[in-house]
Amino acid sequence: MRNNILKALTNNLGFKILAVIFAFTLWLMVYNTEDPSVTRYYTVNVNVINADYVEELNKYYEVIEGTNKVTFSATAKRSILDKIEESDFTATANMERISIDDAGTEGTIPVDVVCNKNSSSVKLNADNKYYKVSLEDLMSKPFMVIAATTGKVAEGYALGEVKVTVPNMLKISGPASLVQNVSKVVATIDVTGMYLDVTDNVVPVLLDVDGRELDTTRLTLSNGIVTVSAQILKMKEVPISIKTVGTPQPNYVVTSVSANPTSVLIKGGVSVLNGINAVEIPASVINIENAKDDVKATIDISEYLPDGVKLVDGVQNSVEVIVKIEPVKTKVFSVSTQNIDVIGLSNENELAFSHSSVAASISGQEADISQLTGSVIKGNIDVTGLEPGEHQVALHLDIDEEKYQYSEILVSVVIKNIEDIQNSEDTNGDANEDSQSQ
């Protein structure tokens with residue numbers, strides 16, 4: 001029986017094999033007709049990994065437009081591809097595989113595309129896909145942050161010290177061409193209407209050499225926020241006081257001492273300003289010894305401000321000082337003795353001037369001397385303790401001693417005792433009567 005079964009299996013074996021092949025082919029044709037293989041195209045974004053590798057090469061990269069996406073084809077059964085979306089594919093550019101051209105300005109990175117769904121049933125055609133970047137030398141540079149303000153403080157107040165507290169220095173990194181364009185970093189605090197010290201966190205701004213604000217999109221700052229504080233001080237206007245040292249040449253006098261400006265605005269703490277009534281320029285600064293011409297000087301007034309006090313406008317710190325010096329004019333005036341008061345005369349005595357007028361030599365500025373007349377000059381003499389008789393007494397003139405000077409003037413006077421005068425008159429009267437009776 002075994003032989004019969006074997007004979008039956010091997011009988012017409014060729015036809016039987018052909019039948020099996022035909023049946024499989026027929027099945028395959030039917031299957032493919034119902035679920036055929038198809039090819040579809042997909043476009044996905046490229047993910048970058050190990051980007052730090054480029055920085056380690058001291059390079060800054062930017063993707064070349066159009067290479068941050070890749071388009072590829074996938075082939076699989078329609079039933080499989082119908083269930084696959086673009087999000088099921090991952091395209092990766094590993095920066096560690098970068099190939100840099102000889103000029104060092106462009107890099108090429110191969111892109112690996114994988115299907116994350118039914119990957120064994122999907123055939124990808126994603127060869128020769130590349131992510132391309134432009135390259136530039138990477139640069140890092142430290143910058144001091146400059147504090148600035150905007151707005152006006154409250155009336156009667158002024159800005160004091162404005163400074164960046166934390167941090168006062170930033171490191172800026174990025175393409176060398178951009179970092180080199182940075183001229184300064186400024187942090188601005190708003191002080192509008194402030195009358196007390198103010199502190200705020202502000203975003204620093206990068207400026208080029210022309211003061212234009214720079215775009216920081218491609219730059220990295222070590223800190224995006226800095227703290228700025230502004231001191232708000234009380235303001236006060238005070239005069240400038242000037243003293244001089246020395247004396248002009250003989251027969252010359254100082255006619256005026258002036259300053260331009262005559263006053264300055266200062267700022268400081270309230271307690272400090274309350275004790276300041278003027279800004280004094282020491283006498284040692286203006287020396288007029290033996291001068292016969294005007295003495296002029298330009299003085300930095302800020303050097304003579306007390307501690308804790310500054311000028312409101314630090315630029316206007318120069319003061320022009322002029323000491324005017326003119327020759328002295330001397331003129332002799334006739335002073336009537338009627339204009340001379342007598343001081344210290346005893347009630348027992350009487351006084352008579354030997355002359356009706358006294359010559360007074362008076363010196364002063366020409367303008368002042370020209371306005372002086374003898375008729376208006378008054379004076380006095382002091383005869384306290386003087387006995388009857390003839391005397392030379394010093395005359396004190398009642399004139400403005402800041403404008404006029406005069407040398408010693410002596411006045412001749414005669415002091416007589418009133419009782420002696422009366423006795424003399426009585427004696428003379430009796431003598432006259434005797435002579436008449438005879």
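Because the model is predicted, local features need pLDDT of at least 70 and side-chain atom pairs count only at pLDDT 80 or more, whereas totals for chains, interfaces and linings use all residues. Residues are numbered from 1 along each chain as its sequence is written, and side-chain values use heavy atoms, with hydrogens and water left out.

The protein chain holds eight helices and 29 strands, where helices (H or I, at least four residues) and strands (E, at least two) are DSSP runs numbered from the N terminus. Of its 438 residues, 30% are buried; the term buried stands for under 20% relative accessible area, exposed for over 50%, and partly exposed for what lies in between, with a 1.4 Å probe and protein chains only. The accessible surface of the chain comes to about 27,300 Å², and 48% of that surface belongs to carbon and sulfur atoms; accessible areas come from the Shrake-Rupley method with a 1.4 Å probe, and for residues only the protein chains shown count as cover. When contacts (heavy atoms within 4.5 Å) are taken between residues at least 6 apart in sequence, 75% of them join residues at least 24 apart.

Much can be followed from strand β15. Two strands are said to pair if DSSP finds at least two bridges between them, and strands of a sheet pair through backbone hydrogen bonds, either parallel or antiparallel. Strand β15 (residues 226-242) runs antiparallel to β9, to which seven bridges join it, and here Lys163 has Ser229 of β15 as its bridge partner. Strand β12 (residues 198-202) also pairs with β15 in the antiparallel sense, over five bridges, with Thr199 standing opposite Ser229. With strand β18 (residues 279-281), by contrast, β15 pairs in the parallel sense over three bridges, and Ile240 stands opposite Val279.

Within strand β9 (residues 157-166) lies Val164, a residue that counts as buried at 11% relative accessibility. Leaving aside residues up to four places away in sequence, Val164 touches Val145, Ile146, Ala147, Ala187, Val226, Thr227 and Val228. The C-alpha atoms of Val164 and Ala147 are separated by 5.7 Å, although these residues are 17 residues apart along the chain.

Strands β27 (residues 389-397) and β29 (residues 410-417) run antiparallel and are joined by six bridges, with Val393 opposite Val411 in β29.

A nonpolar core is a set of buried Ala, Val, Leu, Ile, Met, Phe, Trp, Tyr and Cys residues joined through side-chain atoms within 4.5 Å. The largest such core has 25 residues, and those with the most contacts inside it are Val70, Phe72, Phe89, Val111, Val122 and Tyr131. At least two residues of this core come from each of β1 (37-49), β3 (69-77), α4 (78-81), β4, β6 and β8. A second, separate core of 23 residues includes Ile286, Val295, Ile301 and Leu305.

Side chains of opposite charge can pair when their charged atoms come close. A salt bridge is counted where a side-chain nitrogen of Lys or Arg lies within 4 Å of a carboxyl oxygen of Asp or Glu, and by this rule there are seven. One of them joins Lys59 to Asp137, with the closest N and O atoms 2.9 Å apart; this pair links distant parts of the chain, Lys59 being in strand β2 (residues 59-63) and Asp137 in strand β8 (residues 130-150), 78 residues apart. Lys59 is buried, with a relative accessible area of 17%, whereas Asp137 is partly exposed at 43%. Arg97 and Asp112 meet in another salt bridge, at 2.7 Å from N to O. Because Arg97 lies in the loop between β4 (89-94) and β5 (99-100) and Asp112 in strand β6 (residues 106-115), the pair ties together parts that are 15 residues apart in sequence. Finally, Asp208, Asp210 and Arg212 are linked in a network of salt bridges, in which Asp210 and Arg212 have their closest N and O atoms 3.3 Å apart and are both exposed.
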